[in-house]
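Open the model in your viewer and keep the selection tool at hand. This tour goes stop by stop.

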Amino acid sequence: MIHEIASDIYYVGINNRSKELFESLWPVPSGVSYNSYLILDEKVALVDACDLNMIQEYADQLENLLNGRPVDYLIINHMEPDHSGAIKMLRQMYPDMKIIGNLKTFGMLKGFYSIEDNLHQVADGDTLTLGKHTLRFILTPMLHWPETMMTYESTTETLFSGDAFGCFGALNGNPVDKNIDTTPYWDEMRRYYAAIVGKYGIPVQTALKKLKDIPLSRICSTHGPVWEEQLADAIAAYDRYSRYEGEDGVVIAYGSMYGNTGQLAEKIAEQLSRRGVKKIIIHNVSVSEPSQILSDIFRYKGLILGAPVYNNALFPKMESLLMDIRSRQIANRVYACFGSYVWTRNALNRLSEFGNEMKWKSATVHVCQECSCDLRSQDGCVQLASSFTDLLNGE
Ligand code: FEO
């Protein structure tokens, strides 16, 4: 898709609607866009590229727009191969093209593509004039790789932000928010954040502080819409996620081999509802897709986890969720847990210890049922919901 987004700045990104798993991990049922931008000035600069598997369509599109002009600079904000995969081919198409990146970019450029020549290394705050347009480079390490940086074009107040503010979902006909229905992209921004950026809350906060005083008319991420009208909402969302600030609501995520632990989840949800909790999301971890569970955990401040014992340890799908949560260092949650056992209780011990490990506010009551959901365990659900809602309401 080619679309002029600002004076002589063109969107030249590509949709991939056949990819099933982004990073071979995360489902993208609505596809994904690899956003790339071309600045036509006295010098021609390309900002970020695309995945190798989309190279032909991408190259044809560039050549059509350039009409015989070469690319003078390729700015690499991020080296992950969904954006850098096209670099070798671009070098063949435009042999004199200088590659702009920082010290860490170039280590990866050599490692991935054996490219070591015709490079221009930039540091935080360095500028590059193309003619009318001037670029400033803003280093934003660990957002979400060590080399990540952003590029700011000052005459149009355009920020090329790399993966930051990006989302899953291909673009349908137009890249700019004001020209499309952005409704589906907001959930996909949170899911993208939860899956890919979620571990890096502190680097995101550092980056947001760097951007605070920079006038912005648009944010051009490497995935999803160009944010203009809803630019402030995109920044606010990133601020919220990176502070691990949860909305009112509770996620109950459970594993259940034969439905007995699942019954506890339903009973607890019922009791939460009786105590006025309106937003309750229930995930069976054997069925729900992990990035969707993580996305909801990022969204809501209440979290209740439950699982049975399996092989004298925690149900494996729940153990996997714990690993996903821990690796993202999700903070500031109100927590409770429940579980089932037949001959050893250690699954619940594991879940209980996990709340302490994460330094969450934990309810004083957990439920641990033996074999099936009897009257005693149902009463436990009442007690758990009471203790949990007190904590949730700050009592
Ligand atoms: Fe879209 Fe981190 O690559």
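Start by selecting Asp-8, which sits in the loop between strand 1 (3-6) and strand 2 (9-11). Helices (H or I, at least four residues) and strands (E, at least two) are DSSP runs, numbered from the N terminus. Asp-8 has a phi near 65°, a positive value in a residue other than glycine.

Before moving on, note that this is a predicted model, where local features need pLDDT of at least 70, side-chain atom pairs count only at pLDDT 80 or more, and totals for chains, interfaces and linings use all residues. Residues are numbered from 1 along each chain as its sequence is written, and side-chain values use heavy atoms, with hydrogens and water left out.

Next, select Leu-143 and His-144. The peptide bond from Leu-143 to His-144 is cis, with omega near 15°. His-144 is in the loop between strand 13 (134-139) and strand 14 (149-153).

Now show helix 5 (residues 183-197) and helix 7 (residues 231-242). Their axes come within 11 Å and cross at roughly 40°. That makes helix 5 oblique to helix 7. Angles under 35 degrees count as roughly parallel, over 145 as roughly antiparallel, 65 to 115 as roughly perpendicular and the rest as oblique. Axes are lines fitted to C-alpha atoms, for helices over the stretch in contact, and angles run from 0 to 180 degrees between N-to-C directions.

Which residues meet here? On helix 5, pick Trp-186, Met-189, Arg-190, Tyr-193 and Val-197; on helix 7, their partners are Asp-233, Ala-234, Ala-237, Tyr-238, Tyr-241 and Ser-242. Contact means heavy atoms within 4.5 Å. By class, the contact of helix 5 with helix 7 has eight nonpolar, one polar and two charged residues. Ala, Val, Leu, Ile, Met, Phe, Trp, Tyr, Cys and Pro count as nonpolar, Asp, Glu, Lys and Arg as charged, and the others, Gly among them, as polar.

The contact of helix 5 with helix 9 holds five nonpolar, three polar and five charged residues.

Switch to helix 8 (260-274) and helix 12 (residues 375-392). Their axes come within 9 Å and cross at roughly 45°. Helix 8 and helix 12 are therefore oblique to each other. Helix 8 passes helix 12 in a right-handed crossing.

Where is the largest pocket? Center on Met-257, Pro-308, Val-309, Tyr-341 and Val-342, which lie nearest its centre among 15 lining residues. On a 1 Å grid over the protein atoms alone, a pocket is an open set of points where a 1.4 Å probe fits, with protein on both sides within 12 Å along at least five of seven lines; lining residues have an atom within 4 Å of a point. About 270 Å³ of space lies in this pocket. Strand 19 gives the most to the lining, with three residues. The lining divides into nine nonpolar, six polar and no charged residues.

Finish at Asn-332, in the loop between helix 10 (316-327) and strand 21. Asn-332 has a positive phi of about 60° although it is not a glycine.

Key: Grid points are joined across faces, edges and corners, and a volume is the space filled by probe spheres set on the points. A crossing is left-handed if the near helix is turned anticlockwise from the far one by less than a right angle, and right-handed if clockwise.
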